[in-house]
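Dear colleague,

Please find below the structure that I am handing over to you. My notes on what was found in it follow directly after.

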Amino acid sequence: MLPEHLKVNEEGHLVVGGCDTVDLAEQFGTPLYVMDEGLIRKICRAYKDSFAMYYGGQGTPVYASKAFCCKEMCRIVKSEGFDLEIVSGGELYTALAAGFDPAHIHFNGNNKTCEEIRYALEQKVGHILVDNIEELHLIQKFSEVMNRVTTVSLRIKPGIDAHTHQFIRTGQIDSKFGFALETGEAMQAVQETLALPNLDLEGVQCHIGSQIFDIAPFVEAAKVMLQFMQDVREKTGVTVRVLDLGGGFGIRYTDADQPVPYNDYMREVSTAIHKKCRELSFPVPYVYIEPGRSVVGEAGLTLYTVGSVKEIPGVRNYVAVDGGMTDNPRYILYQSAYDVLLANHADRAPDYTATVAGRCCESGDLIQENVKMGKPKAGDLIAVLSTGAYNYSMASNYNRVCRPPVIMVRGGSPRVVVRRESYEDLIRNDL
């Protein structure tokens with residue numbers, strides 16, 4: 001069963017955004033990242049509409065750019081009314097180059113360098129999410145030198161385990177991110193922030209993990225964070241006015257995934273926030289959420305050309321493609337599942353079991369193992385679905401392989417938004 005935004009045409013070719021993937025491969029080559037701009041915008045508008053419905057507009061979705069960051073993606077989310085979350089100087093530079101208003105940029109990350117903090121302050125980034133005490137004092141130091149007051153929020157660990165892969169859980173006490181509630185560290189950070197003259201404590205933020213399918217952890221996180229905000233008011237007399245609940249909403253990679261509709265999440269979390277605020281007699285805060293994967297993940301697919309098929313009787317069938325861990329490292333990192341199909345024979349029954357192998361000189365360079373697909377031959381075109389998030393972002397030049405281009409498709413028209421790297425690009429910084 002194909003996702004709704006994908007079609008099969010009369011020739012049996014996979015179609016995305018009104019474009020025949022066979023034609024795309026012929027025009028742009030493979031490997032090729034393809035992003036459905038129409039679907040991205042549809043998802044953005046669903047998030048915006050939900051804020052209007054459940055928070056009366058008293059909140060903003062913030063696109064987590066680490067999922068997929070390039071200048072055109074920054075332009076798209078800007079045009080859809082999103083703020084932008086960045087976690088590095090490079091993401092900040094990209095956003096500014098795309099014309100993103102720095103007042104609507106949120107700078108997150110657990111170990112911002114001195115250079116990055118200074119750069120963010122010089123560019124008048126609107127919101128800095130503080131991860132640790134050392135960072136807090138660096139921001140104070142630079143703000144004092146610049147004779148300005150900097151708006152900050154504190155990243156809090158709410159003590160909630162979202163039961164996802166251990167590499168993408170971030171809300172429990174044993175995490176490299178943020179200030180812990182259980183130890184009293186979070187309250188100490190609040191008190192220290194309030195004592196610094198060049199900092200304005202605007203809010204608190206949490207992020208409990210990624211690829212989460214259950215609403216309950218998000219609801220519980222909201223309750224815990226609101227209780228902390230009330231504790232801050234009682235202990236310091238200060239009412240923190242912003243609550244950032246992070247992201248982590250799961251998407252469909254295969255039929256085994258059952259993601260929660262975004263509207264259901266927004267409704268239930270909003271209900272919990274308003275109920276808890278009534279119980280505490282606490283003013284409903286301005287709310288941010290930070291979707292990344294859920295905005296772009298399912299909107300992307302990657303096209304590859306089959307180079308060879310090796311059938312080892314009684315062992316497995318290897319289908320080698322012209323990409324691999326250099327453009328999709330998520331399988332080797334997380335054993336991430338994907339749907340795979342023949343893009344040039346998308347109407348063919350998935351009755352062949354294969355391991356899709358990459359081209360790198362690495363035994364672990366696999367994209368999927370024992371996946372069902374139509375039987376391929378050399379020269380066929382393979383599509384790996386739901387690769388819009390953390391594929392281009394994590395791509396590398398291992399084995400000196402050039403990174404693929406990214407194209408956006410919409411209404412039957414493709415356009416390049418990131419050019420294919422050349423061999424000249426590979427040696428550009430070599431001396």
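K112 lies over the face of F107, at 5.6 Å from the ring centre; a charge is taken to sit over a ring if NZ of Lys or CZ of Arg is within 6 Å of the ring centre and within 35 degrees of the ring normal. Please note that this is a predicted model, in which local features need pLDDT of at least 70 and side-chain atom pairs count only at pLDDT 80 or more, while totals for chains, interfaces and linings use all residues. Residues are numbered from 1 along each chain as its sequence is written, and side-chain values use heavy atoms, with hydrogens and water left out.

Aromatic pairs

A pair of aromatic rings is described by the distance of the centres and the angle of the planes. Rings of Phe, Tyr and Trp (its six-membered ring) pair if their centres lie within 6.5 Å; planes under 30 degrees apart count as stacked, over 60 as edge-to-face and the rest as tilted. The structure holds ten aromatic pairs. In one of them, the ring centres of Y33 and Y392 are 6.0 Å apart and the planes stand at 90 degrees, so the pair is edge-to-face. This pair links distant parts of the chain, 359 residues apart: Y33 is in strand β4 (residues 32-36) and Y392 in the loop between β19 (381-385) and β20 (406-410). Helices (H or I, at least four residues) and strands (E, at least two) are DSSP runs, numbered from the N terminus. Y33 counts as buried at 3% relative accessibility, whereas Y392 is partly exposed at 23%; buried means under 20% relative accessible area, exposed over 50%, and partly exposed in between (1.4 Å probe, protein chains only).

The rings of F218 and Y265 have their centres 5.0 Å apart and their planes at 75 degrees, so this pair is edge-to-face. F218 belongs to helix α8 (residues 216-236) and Y265 to helix α9, so the pair ties together parts that are 47 residues apart in sequence. F218 is buried at 5% relative accessible area, and Y265 is buried at 4%. Ring pairs also join Y47, F218, F249, Y262 and Y265 into a cluster.

Cavities and pocket

Rolling a probe the size of a water molecule over the atoms shows where empty space is left. On a 1 Å grid over the protein atoms alone, a cavity is a set of points where a 1.4 Å probe fits but cannot get out, and a pocket is an open set with protein on both sides within 12 Å along at least five of seven lines; lining residues have an atom within 4 Å of a point. Grid points are joined across faces, edges and corners, and a volume is the space filled by probe spheres set on the points.

There are four cavities of 30 Å³ or more. The largest cavity holds about 100 Å³ of space. Of its 14 lining residues, G248, E290, G292, R293 and Y390 are the closest to its centre. The second largest cavity has a volume of about 60 Å³, and its lining includes F218, F249, Y262 and Y265.

The largest pocket has a volume of about 650 Å³. Among its 24 lining residues, E4, L39, I43, Y262 and E298 lie nearest its centre. The elements that give two or more residues to this lining are α2 (37-55) and α9 (262-280), and the largest share, five residues, comes from α2.

Two strands pair if DSSP finds at least two bridges between them. β4 and β20 pair in the parallel sense over four bridges, with V34 opposite I407 in β20. β20 and strand β21 (residues 413-418) run antiparallel and are joined by five bridges; here M408 stands opposite R415 in β21. Four of the five residues of β20 are buried, so this strand is largely enclosed by the rest of the structure.

Backbone points

Most residues other than glycine have a negative phi, and most peptide bonds are trans. The peptide bond from T30 to P31 is cis, with omega near -10 degrees, and P31 lies in the loop between α1 (21-28) and β4. N370, in strand β18 (residues 366-373), has a positive phi near 50 degrees and counts as exposed at 52% relative accessibility. S386 also has a positive phi, of about 55 degrees, but is buried at 5% relative accessible area.

Yours sincerely
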